[in-house]
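This report goes through a few local features of one protein chain. Keep the sequence and the structure in view while reading.

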Amino acid sequence: MDKCGIRREVSALKKAMNDGDRQREALAVIDRLEGIVEFCRARRVLAYNSLPDELSTARLLDMYRDRKQLFLPRVNGDDLEILPYDPDGIRVGSFSIGEPVGDELIDPAVIDLVIVPAVAYDCYGNRIGRGKGYYDRLLERMRHAVKIGVCYDCQLVDDIDVEPHDCPVDMVVTASGTHRHFEDSSSGIITLDIKDVDHS
């Protein structure tokens, strides 16, 4: 299935979810994040302010605003810029997303870890965004940072066709499991390490 078809299919699956399922899966993802060594060690974390159809980050932002240095993206033209997260300094910006205000722009090089949204992921860390390429361009500048994709279970698909500009994440976390992949630099072979996935 091509990317447009995956977007349509995943959109229908998300619309079929009820509020209870959305909340349960969002909390389960936070629980899994807290068990990931890279997340626990990270001091400076770029998160995202979730849209209604995305896995909610509200609890995550509230829980960690005093325990880590949190940052959010803000749209500026064709790119995303990074600013500190301040719950009292958010206004509705591009695409009706709550964005940070101010002019304290952060160098992407200081970010330790990125929580990355997507329309869909596969278990190899490949992602489909909303088609504008904002995160691909940002992540290209943040190859040093650990990149963790988060999504609902229904957003995890079997396979995504990769294009040259696509930037994958290091692991994908859903309510059902953590999908981490490792690539052998000598052979190019990718190995999956999947934790606690319920296949029932």
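## Helix H1 and its buried face

In helix H1, the buried residues are Lys3, Gly5, Ile6, Val10 and Lys14. Buried means under 20% relative accessible area, exposed over 50%, and partly exposed in between, with a 1.4 Å probe and protein chains only. Helices (H or I, at least four residues) and strands (E, at least two) are DSSP runs, numbered from the N terminus. Seen down the axis of H1, the buried residues line one face of the helix, because they fall within an arc of 160 degrees; the arc is that of the directions from the helix axis to the C-beta atoms. In general, an α-helix has 3.6 residues a turn, so residues three or four places apart point the same way. On the other side of H1, Arg8 and Lys15 are exposed.

What do the buried residues of H1 pack against? Their partners are helix H2 (19-33) and the strands E7 (120-122), E8 (127-128) and E10 (156-157). The length of H1 agrees with expectation, because its 13 residues should span 18 Å at 1.5 Å a residue, and its end C-alpha atoms are 18 Å apart. The expected span is 1.5 Å times one less than the number of residues.

## How the model is read

This is a predicted model, in which local features need pLDDT of at least 70, side-chain atom pairs count only at pLDDT 80 or more, and totals for chains, interfaces and linings use all residues. Residues are numbered from 1 along each chain as its sequence is written, and side-chain values use heavy atoms, with hydrogens and water left out.

Lys3 belongs to helix H1 (residues 3-15). Is Lys3 buried or exposed? Lys3 counts as buried, because its relative accessibility is 16%. Apart from neighbours within four places in sequence, Lys3 is in contact (heavy atoms within 4.5 Å) with Ile128, Ile160, Asp161, Glu163 and Asp166.

Arg44 is part of strand E1 (residues 44-46). With neighbours within four places again left aside, the contacts of Arg44 are Gln69, Phe71, Val110, Ile111, Asp112 and Leu113. Arg44 and Leu70 are 26 residues apart along the chain, while their C-alpha atoms are separated by 6.0 Å.

## Aromatic pairs

How many aromatic pairs does a search of the whole structure find? The search finds 2. Rings of Phe, Tyr and Trp (its six-membered ring) pair if their centres lie within 6.5 Å; planes under 30 degrees apart count as stacked, over 60 as edge-to-face and the rest as tilted. Phe39 and Tyr64 are edge-to-face, because their ring planes are at 85 degrees, with the centres 5.1 Å apart. This pair links distant parts of the chain, with Phe39 in helix H3 (residues 37-41) and Tyr64 in helix H4 (residues 58-64), 25 residues apart. Both Phe39 and Tyr64 are buried.

Phe95 and Tyr134 also form an edge-to-face pair, at 5.9 Å centre to centre and 65 degrees between the planes. Phe95 counts as partly exposed at 47% relative accessibility, whereas Tyr134 counts as buried at 15%. Lys68 lies over the face of Phe39, 4.9 Å from the ring centre, and Arg137 lies over the face of Tyr134, 5.5 Å from the ring centre. A charge sits over a ring if NZ of Lys or CZ of Arg is within 6 Å of the ring centre and within 35 degrees of the ring normal.
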